[in-house]
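User: Hello! I am new to this structure and would like to understand the words used to describe it. Could you walk me through them?

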Amino acid sequence: MTDSPVPDTTGRCGWCGTDPLYVAYHDQEWGVPERDPRALWEKLVLDGFQAGLSWITILKKREAFRAAFDDFDPEKVARYGEADRQRLLNDAGIVRSAAKIDATIQGARIWLDLQDQGRDMSDWLWSFVDGQPIQNDWPSMAQVPAQTPQSVAMTKALKVEGFKFCGPVIVYAFMQATGMVNDHVATCHRHAPLSRGQG
């Protein structure tokens with residue numbers, strides 16, 4: 001008899017439960033390498049809004065967030081003024097945190113400034129994993145870390161540029177979501193295809 005962990009018979013990572021929205025997100029998005037700069041910025045913003053909340057809360061509000069923030073077009077968000085800020089604070093469809101809304105508007109401006117300086121934002125963010133997904137092989141969710149040296153390094157770099165709500169735990173969630181790391185557990189049906197580069 002061994003002390004090996006009980007296998008996950010659901011064929012999925014345990015965190016996604018049975019909510020159809022969460023299951024679809026797990027099966028179709030989470031851990032799939034994302035390299036589009038706009039999509040990366042959206043996920044970074046949404047992970048920042050998640051701080052102190054559950055991801056399912058944000059996921060259920062994602063379409064409202066997209067509508068409120070002009071589909072996360074940083075060029076549009078960067079031009080938001082006080083009227084837009086008040087509109088967002090009054091929007092019951094999103095998380096109405098003044099600090100997070102302000103950080104998003106300022107973050108859009110920083111994002112564009114960095115692009116104007118010639119920085120490829122996708123390449124820059126992916127550079128923290130040397131441009132390729134880190135392939136993990138965790139037997140259970142209990143082994144998955146909350147943060148890593150790579151997420152700590154990315155956090156420091158983002159904060160130097162002026163981004164907020166980007167601590168190492170939030171950033172690691174971002175890295176997991178965007179496929180910079182494959183943290184599907186080994187028993188999950190998504191683990192093997194992603195480990196072979198078949199998103």
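**Contacts, core and crossing**

Analyst: Happy to. Leaving aside neighbours within four places in sequence, Met154 is in contact (heavy atoms within 4.5 Å) with Leu125, Phe128, Val171, Phe174, Met175 and Met180. This is a predicted model, where local features need pLDDT of at least 70, side-chain atom pairs count only at pLDDT 80 or more, and totals for chains, interfaces and linings use all residues. Residues are numbered from 1 along each chain as its sequence is written, and side-chain values use heavy atoms, leaving out hydrogens and water.

User: Which residues touch the most other members of the largest nonpolar core?

Analyst: Met154 is one of them, along with Phe65, Phe69, Leu125, Leu158 and Met180, in a core of 53 residues. H6 gives the most to this core, with seven residues.

User: Why is Thr148 called buried?

Analyst: Buried means under 20% relative accessible area (exposed is over 50%, partly exposed in between, with a 1.4 Å probe and protein chains only). Thr148 has 14%, so Thr148 counts as buried. Thr148 lies in the loop between strand S1 (134-135) and H8.

User: What makes H2 roughly antiparallel to H6?

Analyst: The axes of H2 (residues 37-50) and H6 (residues 98-116) come within 11 Å and cross at roughly 155 degrees. Angles over 145 degrees count as roughly antiparallel, under 35 as roughly parallel, 65 to 115 as roughly perpendicular and the rest as oblique. Therefore H2 is roughly antiparallel to H6. By class, their contact has eight nonpolar, five polar and one charged residues.

Key: Axes are lines fitted to C-alpha atoms, for helices over the stretch in contact, and angles run from 0 to 180 degrees between N-to-C directions. Helices (H or I, at least four residues) and strands (E, at least two) are DSSP runs, numbered from the N terminus. Ala, Val, Leu, Ile, Met, Phe, Trp, Tyr, Cys and Pro count as nonpolar, Asp, Glu, Lys and Arg as charged, and the others, Gly among them, as polar. A nonpolar core is a set of buried Ala, Val, Leu, Ile, Met, Phe, Trp, Tyr and Cys residues joined through side-chain atoms within 4.5 Å.
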